[in-house]
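Me: I am new to this structure and would like to go through it slowly. Could you show it first, and then take my questions in turn?

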Amino acid sequence: MNWQLPLMLAQTNDSNLENLRERTEAISMQGTTVPDSSLIREGTSNPFATEYWFPTQASSFAGEVDFLYMSIFWISLVFFVAIIGAMVYFCVKYRRKDGVIAPEPSSSHNTAIEILWSVLPSIILVWIFYVGAETWFEMRIPKENAEEIQVTAKQFGWLFTYEDGDQTNELHLVRDKPVRLIMQSEDVLHSFFVAAFRQKMDIVPGRYTYAYFEPIKDGVYRLSCNEYCGTGHSKMKTACIVHTSEEDRKNNTKWIEAEKTPFENGQRIYQIHCSGCHKVDGQAATGPALNLIWGENEKMIDGTTELVNEDYVLDSIWYPEKHIVEGYGPVSKMNSFKGILDQKDVDYVIAYLKELKEQSGDAK
Amino acid sequence: MVDASTRQKLFGTPETNFLNCSKGWKSWAFTLDHKRIGIMYLIGVTVALFLAGVFALVLRSHLFTFDSTMLSDDMYNQMFTLHGAVMVFSFIIPSIPAALGNIVLPMMLGAKDVAFPRMNLASFYLWIIGTGCLLLAILSGKGLDTGWTFYTPYSIDTNTGVIYATFGAFILGFSSIFTGLNFLVTVNTMRSKDQGWFKLPLFVWSLYATAIIQVLATPVLGITLLMLIAEKTLHIGIFDPKYGGDPVLFQHFFWFYSHPAVYIMILPAMGVISELISVYSQKRIFGYSFIAFSSVAIALLGFLVWGHHMFTSGQSLVVTLIFSAITFTVAIPSAVKVFNWLATLYKGSILLNTPMCYALSFIFLFGIGGLTGLFLGALSTDIHLHDTYFVVAHFHFVMVGGTLTALLGGVFHWWPKIWGRMYNDFLGRVGCFLVFSGFNLTFFPQFVMGSRGMPRRYASYDPEFQIFHQLSTVGAFVLGIGILLSFVVLVYAALRGPRCSSNPFRAASLEWQSSSPPDFHNFLQTPVLTDPYDFESQVYDEELDTYIPREFANPDKVAPRKEPVHH
């Protein structure tokens with residue numbers, strides 16, 4: 001999936017409103033659709049098979065994680081069947097017979113058996129601990145040739161910055177290239193989780209945390225926020241795409257402003273910085289929807305009305321506390337982007353909003 | 001030599017008992033009787049269970065479809081938070097100790113009451129006030145959306161009723177501490193003459209071990225919550241990185257209490273199961289001293305494993321390894337209990353009535369809960385499973401499949417003693433079946449969702465998980481119906497059930513030597529000290545249709561013992 005596709009959809013001359021929604025949704029969902037993990041798993045309905053319990057094994061240590069899980073599964077199953085089997089058997093065999101309340105005398109302690117059933121399980125547990133720790137070292141200690149990607153998490157979106165400075169909000173990786181993520185949060189706790197990689201690490205404001213893995217399989221995987229972070233926690237998902245080659249990845253991460261139209265540049269800024277809280281499908285979210293807002297007279301929380309023009313957009317981005325739309329108060333939930341988006345960036349956003357509005361006009 | 005009229009006086013249905021000896025709301029509101037306090041606690045925690053249960057049904061209904069709009073995301077977040085907070089602080093932690101324990105513990109010691117009856121009443125009122133304060137978060141209109149764990153910095157930033165809720169939990173903490181302190185002193189000082197530690201029922205051992213945890217761990221939570229309030233209001237800079245604080249420090253403080261707290265939840269439950277299994281097999285519990293010591297071991301080891309909730313928090317490699325290793329050690333005493341219960345069933349004389357069905361249900365459900373803990377204790381698998389539905393399923397198996405199941409079993413078991421009336425056993429077992437099957441349907445699919453990558457605390461999710469969520473939602477309603485049915489059976493029995501005798505099931509612990517219901521003073525004369533698992537010490541008396549100690553029986557009608565008295 002490259003950046004071209006949503007733009008192609010956006011430029012289609014289609015007056016169907018339904019179609020517009022689909023197109024804007026494809027754009028606002030940060031681009032890529034993540035397929036069911038069952039479609040990219042070897043897929044089975046047999047609960048005794050590894051594949052039943054897990055997404056595809058997309059990282060170098062996923063297989064080991066799954067192996068330990070299934071080992072514990074089988075050990076547990078054997079013990080559980082034995083315990084419940086014994087329980088049911090005893091309840092049937094020793095069920096109280098009419099009128100005879102007292103059982104036959106039998107022993108009520110046996111130190112040897114107590115030791116046996118304490119020591120034998122202990123040995124199994126030591127093994128489980130050891131295997132778990134061994135794989136975990138692989139999951140925590142990066143290889144020397146790992147590339148470093150910066151992860152910035154915020155309520156409620158992701159930003160990835162690559163070694164060459166490119167930025168995206170989906171994570172683009174190269175197969176067989178180990179990666180070390182250096183992660184920071186702009187606000188509260190978040191957590192990086194890609195189930196297909198079996199890797200997870202919290203993102204803690206005020207410090208850096210690290211996650212490491214080596215992707216071994218091409219594909220598109222779900223990347224979810226895994227530490228509750230507020231209203232949009234369930235929506236804080238994006239895609240992790242593993243490319244076959246470095247070149248293929250570069251085509252997807254590079255962005256040369258001068259080669260793109262203002263609309264495309266504005267759309268990209270929207271996706272990276274705004275899409276977490278503002279939708280373009282008409283739905284209100286943490287912030288107002290943006291697809292129809294250009295040129296409208298918006299009602300503010302103090303009862304006044306503001307025209308959404310260039311100046312309004314600049315104010316909203318740099319000084320968000322100035323204009324709070326009715327229903328989104330009492331205080332602004334939006335941080336200022338002054339210092340992050342310069343006036344040129346604001347121009348691009350204005351171009352984007354204008355054209356979104358025009359497209360919806362075509363659709364009427 | 002004891003005559004028939006004495007037997008009737010001691011063990012027959014009494015005219016005056018602790019329920020009717022004084023009337024009017026004040027005689028309950030200001031009572032010092034541990035039995036009445038226990039009943040008030042039982043009513044209170046049942047209300048909390050139903051309220052938090054409704055929140056659960058609401059959120060499970062919302063989750064029926066993957067992109068449901070039944071609730072807004074904010075409202076969903078509030079539902080799971082309030083469900084967790086009310087269940088943990090107002091229901092599960094007090095449930096068995098404060099409701100069942102209060103009623104039964106002093107009587108198991110042959111005592112008239114707990115060591116500090118006024119502190120006991122105070123503990124109940126603290127529960128009322130604490131729960132009220134927690135509910136103020138809702139009643140004030142602010143709600144609560146932090147998760148029951150109150151992680152920072154979100155709990156600092158959010159405008160919801162965090163201060164009401166944490167202050168409520170703080171007060172509830174004192175309720176718990178007072179109960180624990182009371183029980184420690186009661187067991188230490190008020191045992192019957194010659195009733196040594198190894199002549200105590202295992203329920204007493206479990207309450208004692210629990211009380212140690214309540215007294216030592218709860219203050220840490222109290223201080224932590226006060227610090228959170230201080231951070232929110234005064235910006236003292238301990239948890240908020242904006243002021244130089246460390247968000248992970250909150251997690252350490254929080255889990256230092258909250259992990260031992262789960263042993264507060266499960267140890268008394270295991271104590272109840274020991275009583276049920278032995279009485280309904282009519283066999284001395286197998287491995288008594290191993291079970292007794294395992295309770296203490298679990299209580300102590302439970303203080304050393306809190307970091308296993310934080311393997312992905314960014315804590316150091318070294319402590320992560322240590323916490324994982326010690327976590328595995330806690331598994332062994334729990335497994336030992338399960339094996340000993342099974343050995344008790346072996347060659348027993350097993351009665352499959354309602355309490356016993358709950359006890360067997362416990363072994364099944366706690367078995368799964370405990371075994372799934374192994375996946376979470378191991379480091380490589382935990383990284384994948386942490387904060388997914390796998391964890392949600394695991395802790396519900398141990399808390400609901402464990403504690404709630406044992407609570408229901410214990411309530412049914414001691415219900416005839418409290419009210420002098422018998423429950424409808426058939427309907428009781430139907431309720432148990434609905435609870436068991438509803439519970440499994442609700443939570444087993446969640447293991448699969450979790451390992452497949454479904455995160456917890458999500459209001460909407462990827463479509464592939466929908467079928468599991470739908471099974472889970474249906475199960476939740478079946479579970480709810482089962483609990484409701486059990487509640488109806490119990491209330492009906494208390495009010496209109498057929499009269500029953502002082503010891504219908506031939507139990508041997510001392511509380512069964514009182515009448516049903518017991519006298520205000522518990523015992524009309526000092527009970528005969530029997531070993532609590534020496535069932536042959538109790539013989540059948542035809543006139544009273546109950547089991548009484550040999551010493552009180554008509555010697556002409558008593559068969560000799562098959563086994564000598566156990567030493």
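Me: How many residues does the contact take from chain A and from chain B?
Reply: This is a predicted model, in which local features need pLDDT of at least 70, side-chain atom pairs count only at pLDDT 80 or more, and totals for chains, interfaces and linings use all residues. Residues are numbered from 1 along each chain as its sequence is written, while chains are lettered from A and ligands numbered from 1 in the order in which they are written. Two residues are in contact if their C-beta atoms, placed from the backbone, lie within 7 Å. On that basis the contact takes 71 residues from chain A and 74 residues from chain B.

Me: Into which classes do the residues on the side of chain A that touches chain B divide?
Reply: Ala, Val, Leu, Ile, Met, Phe, Trp, Tyr, Cys and Pro count as nonpolar, Asp, Glu, Lys and Arg as charged, and the others, Gly among them, as polar. The side of chain A that touches chain B therefore divides, under these classes, into 38 nonpolar, 21 polar and 12 charged residues.

Me: Are helices α4 and α8 of chain B parallel or oblique to each other?
Reply: Helices (H or I, at least four residues) are DSSP runs, numbered from the N terminus. Helix α4 (residues 73-108) and helix α8 (residues 202-234) of chain B pack at an angle of about 125 degrees, with their axes 10 Å apart, where axes are lines fitted to C-alpha atoms over the stretch in contact and angles run from 0 to 180 degrees between N-to-C directions. Angles under 35 degrees count as roughly parallel, over 145 as roughly antiparallel, 65 to 115 as roughly perpendicular and the rest as oblique. Therefore α4(B) and α8(B) are oblique.

Me: Which residues of α4(B) and α8(B) make their contact, and how many of them are nonpolar?
Reply: From α4(B) come B:P97, B:G101, B:V104, B:L105 and B:M108, and from α8(B) come B:F203, B:V204, B:L207 and B:T210. By class, this contact has two polar and no charged residues, and the nonpolar ones number seven.

Key. Helices (H or I, at least four residues) and strands (E, at least two) are DSSP runs, numbered from the N terminus.
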